[in-house]
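The sequence and structure come first.

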Amino acid sequence: PYGGMQRRGVISIQEFFTANTGFEKAPADEDLDSWLMIPEAGISQTENGMIFLDNYGGFTRIREEFAALPSDLRIKRLAGRIFAFSQSGGYNYPRMIKRGDEASAQLCAYEAYKDAANAAFLLAGVFPPYFKWLPRALSELEMFPGFARKLEALILNDNSAENAADKLELIGGIGELLCDKAAEMFHIDRFDGTPDRLQHTAFALNGLVSDNSLRNSDILSAL
């Protein structure tokens, strides 16, 4: 296909991983700059599909190494996604509704969908696929039953007064769920009843990043 891997016949293990990730093998855990260059969907691509034969174990080993995202990067990305959701869904969507700008409100809803979906994948420890397969993959996350349908309401419904009110309530519920899961998994403060709970949760997660450079970088820098 145009833009995809141009090949015929057999390719090497190195060619396969390079085509999907940009690297022949997974970088060292401490090489966060290299990890930041690898698209999450590319790693997802290497994880999909059954291995029929790997006598030497080389393919399986490299696949498993790419799947082991460094903990610091996972936490940083989760912090970034939760913070981004607080902006796209918690701040910008209601602002556009108040202005009566339904088109911009829908763009905010799309962004909120992507931010919440990617946060869910990070919490589940699963790499998200390319965007066109995101809804299907989201529906298969065992940690988040019914989550895909909730998110779809953000992008499938228009922004009439009635639907906008429902979306605002839905955004609030999604935010609560993400914060609850993050607090449970990473043992941070729940910030129950706190204004801007999403942002408090995001910055608490960011504080768990052990690498000084990554922790002190912009909270959205790993997205």
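Helix α1 passes helix α4 in a right-handed crossing, where right-handed means that the near helix is turned clockwise from the far one by less than a right angle, and left-handed anticlockwise. The contact (heavy atoms within 4.5 Å) is made by I13, F16, F17 and T21 of α1 together with G58, F59, I62, R63 and F66 of α4. The model is predicted: local features need pLDDT of at least 70 and side-chain atom pairs count only at pLDDT 80 or more, while totals for chains, interfaces and linings use all residues. Residues are numbered from 1 along each chain as its sequence is written, and side-chain values use heavy atoms, leaving out hydrogens and water.

The table sets out two helix pairs. Axes are lines fitted to C-alpha atoms, for helices over the stretch in contact, with angles from 0 to 180 degrees between N-to-C directions. Helices are DSSP runs (H or I, at least four residues) numbered from the N terminus.

| Pair | Axes come within | Crossing angle |
|---|---|---|
| α1 (residues 13-21) and α4 (residues 58-67) | 10 Å | roughly 20° |
| α5 and α6 | 8 Å | roughly 155° |

α5 is therefore roughly antiparallel to α6, whereas α1 and α4 are roughly parallel to each other; the cut-offs are over 145 degrees for roughly antiparallel and under 35 for roughly parallel. The crossing of α5 and α6 is left-handed. By class, the contact of α5 with α6 has 16 nonpolar, 5 polar and 6 charged residues. Here Ala, Val, Leu, Ile, Met, Phe, Trp, Tyr, Cys and Pro count as nonpolar, Asp, Glu, Lys and Arg as charged, and the others, Gly among them, as polar.

The largest nonpolar core has 47 residues, of which L138, F147, L151, L154, I174 and L205 touch the most other members. Such a core is a set of buried Ala, Val, Leu, Ile, Met, Phe, Trp, Tyr and Cys residues joined through side-chain atoms within 4.5 Å; buried means under 20% relative accessible area with a 1.4 Å probe, protein chains only. α6 supplies the largest share of this core, 12 residues. A second, separate core of 13 residues includes W35, I62, L73 and A222.

Helix α3 (residues 40-47) has 6 of its 8 residues buried, so it is largely enclosed by the rest of the structure. The buried residues are E40, A41, G42, I43, S44 and T46, and they pack against α1, α2 (32-37), α4, α5 and α6. Just after α3, G49 takes a positive phi of about 100°.

Conventions. Helices (H or I, at least four residues) and strands (E, at least two) are DSSP runs, numbered from the N terminus. Angles under 35 degrees count as roughly parallel, over 145 as roughly antiparallel, 65 to 115 as roughly perpendicular and the rest as oblique. Buried means under 20% relative accessible area, exposed over 50%, partly exposed in between (1.4 Å probe, protein chains only).
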